[in-house]
Amino acid sequence: PLVEVVVVCDHDHKGARIASEFLKENELSFNKYKVLNSAERVFSVAAFNIALQNSSYEHFIWISNTLTFDKEWLIKVVTQFDVSFPDEVGVLAIGGKMNKANFGMSSKSFVRYNEGEWFSSKYRMNFCDDELTVRAILLGRYKLLNNSGVHMNPSSIDNELLYKSYDEKIMFKKIDRRV
């Protein structure tokens with residue numbers, strides 16, 4: 001299938017390097033490939049919303065640099081989404097826990113169905129995936145694909161990627177949970 005990749009990078013240039021490596025490591029032919037460098041530090045919610053706003057395709061997949069991919073992962077994920085949601089309204093989690101779509105696939109039809117909101121901009125960090133998952137489950141539009149070919153990279157540590165310290169992690173989690 002035609003694929004457009006939109007990568008949102010922090011201002012520290014590490015993200016741009018990771019985006020280049022992702023393009024080299026995946027043996028797919030991308031129709032479009034955009035790297036958007038932010039002028040400031042961005043977290044998951046803002047990055048995912050920026051990527052969606054800059055995507056021209058109906059379907060979209062959100063991932064992060066903490067993942068590794070089997071060779072046929074994209075075909076498997078797109079095929080399962082089409083089988084599970086023929087009307088294109090749904091959320092397919094492609095890794096993680098049963099009740100958390102921290103990585104997955106959805107569509108702009110699902111966003112429109114949810115009154116134009118995908119990840120709430122009120123969230124500052126990561127708790128958007130909980131809300132997205134609950135919405136999809138309550139609508140009967142959620143599925144977890146356990147064997148997606150997408151795997152958490154055991155050498156990546158989220159704390160190093162998102163937070164300067166454990167105290168900062170706890171502070172941001174408390175802020176997000178108050179929203």
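Student: Leaving aside neighbours within four places in sequence, which residues is Ser109 in contact with?
Tutor: Ser109 is in contact with Glu58, Glu88 and Val89, once neighbours within four places are set aside. Contact means heavy atoms within 4.5 Å. This is a predicted model: local features need pLDDT of at least 70, side-chain atom pairs count only at pLDDT 80 or more, and totals for chains, interfaces and linings use all residues. Residues are numbered from 1 along each chain as its sequence is written, and side-chain values use heavy atoms, with hydrogens and water left out.

Student: What joins the side chains of Ser109 and Glu58?
Tutor: A polar contact of 2.5 Å. That term is a pair of N or O atoms within 3.5 Å; within protein, one must be able to donate a hydrogen and the other to accept it, and residues adjacent in sequence count only if both atoms are side-chain atoms.

Student: Is Ser109 buried or exposed?
Tutor: Buried, with a relative accessible area of 15%. Buried means under 20% relative accessible area, exposed over 50%, and partly exposed in between (1.4 Å probe, protein chains only).

Student: Which helix does Ser109 lie in?
Tutor: Helix α4, residues 108–113. Helices (H or I, at least four residues) and strands (E, at least two) are DSSP runs, numbered from the N terminus.

Student: Switching to α3, which residues are buried there?
Tutor: Trp73, Leu74, Val77, Gln80 and Phe81. They cover an arc of only 140° around the axis, so they sit on the same side of α3. The arc is that of the directions from the helix axis to the C-beta atoms.

Student: How many helices and strands are in the chain?
Tutor: Seven helices and eight strands. Of the 179 residues, 42% count as buried.
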